Amino acid sequence: MFNLTQPHLNQNPPPEYRIEDWGLTDDVVEELHNWVKEFNPLQQAEYLREGGAEHDDALRSTDISWIDTRSNPRLYNLLGTAIHRANDDLYRYSLTYLETLQYSVYSADKKGHYSVHSDAGLKGQNNDSRKISFSCLLNDPSEFEGGELTLMPDSIGYPIQLKKYEICFFPSWMPHKVVPVTKGTRVTLVGWVHGPDFV
């Protein structure tokens, strides 16, 4: 056995990378809301298990819409720049593409939540890996209570208090959850950035 000394904080940065101002505007978000209503209305999210997907409100209660890459080009371009910034500043991963975005609504009426999970288990179309996940809050925190994204590098975890339009990146292998929304509605945009498998 070889004992390791305690690392210095500056050599082990926090796993999340947040950007408050990355160009997202009310116009872009309004365009997104309208696109969801008109072209891809919300549906109950499924939870992937061995053998297929199913609904399980005990594990996840979220309404979602998939944002096709051919729609909302301004949004996708802004995200591309933000992803490169986070990766260049912190992760330094080899990346190839951004998966289709997910527009997610957590409502107190449905006890909106998502139990502890990791995003890294799903492979991409080229059998590559999800490497970076992100969550962006699309409405004001005053409009809901609860619903915090909680990153879990350990069994306790810590909540991420996002501001409106703030985006939080974190490694896709990291367990995380969304605690139940107890009042109002929380609206987010989430996504996953792929790259070759870690070796």
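The model I am looking at is predicted.

**Entry 1: backbone angles**

I started with phi, since most residues other than glycine have a negative one. Which loop holds Asn72? I found Asn72 between β6 (63–67) and α2 (73–91). Asn72 is not a glycine, yet its phi is positive, at about 50°.

Next I looked up Lys111, in the loop that links β8 (101–107) with β9 (113–117). Here too I noted a positive phi, near 55°, in a residue other than glycine.

**Entry 2: buried or exposed?**

I then checked the accessibility of both residues. Asn72 has a relative accessible area of 5%, and the cut-off for buried is under 20%, so I put Asn72 down as buried. Lys111 comes out at 62% relative accessibility; exposed means over 50%, so Lys111 goes down as exposed.

I traced an open sheet of 5 strands, paired antiparallel, in the order β5-β9-β15-β12-β13. Which strands form the edges? They are β5 (60–61) and β13 (158–160), each of which pairs on one side only.

Last, I looked at the contact between β9 and β15 (residues 176–178): the two strands run antiparallel and are joined by 2 bridges. For His117, I noted His176 in β15 as the bridge partner.

How values were computed: Residues are numbered from 1 along each chain as its sequence is written. This is a predicted model: local features need pLDDT of at least 70, side-chain atom pairs count only at pLDDT 80 or more; totals for chains, interfaces and linings use all residues. Side-chain values use heavy atoms; hydrogens and water are left out. Helices (H or I, at least four residues) and strands (E, at least two) are DSSP runs, numbered from the N terminus. Buried means under 20% relative accessible area, exposed over 50%, partly exposed in between (1.4 Å probe, protein chains only). Two strands pair if DSSP finds at least two bridges between them.
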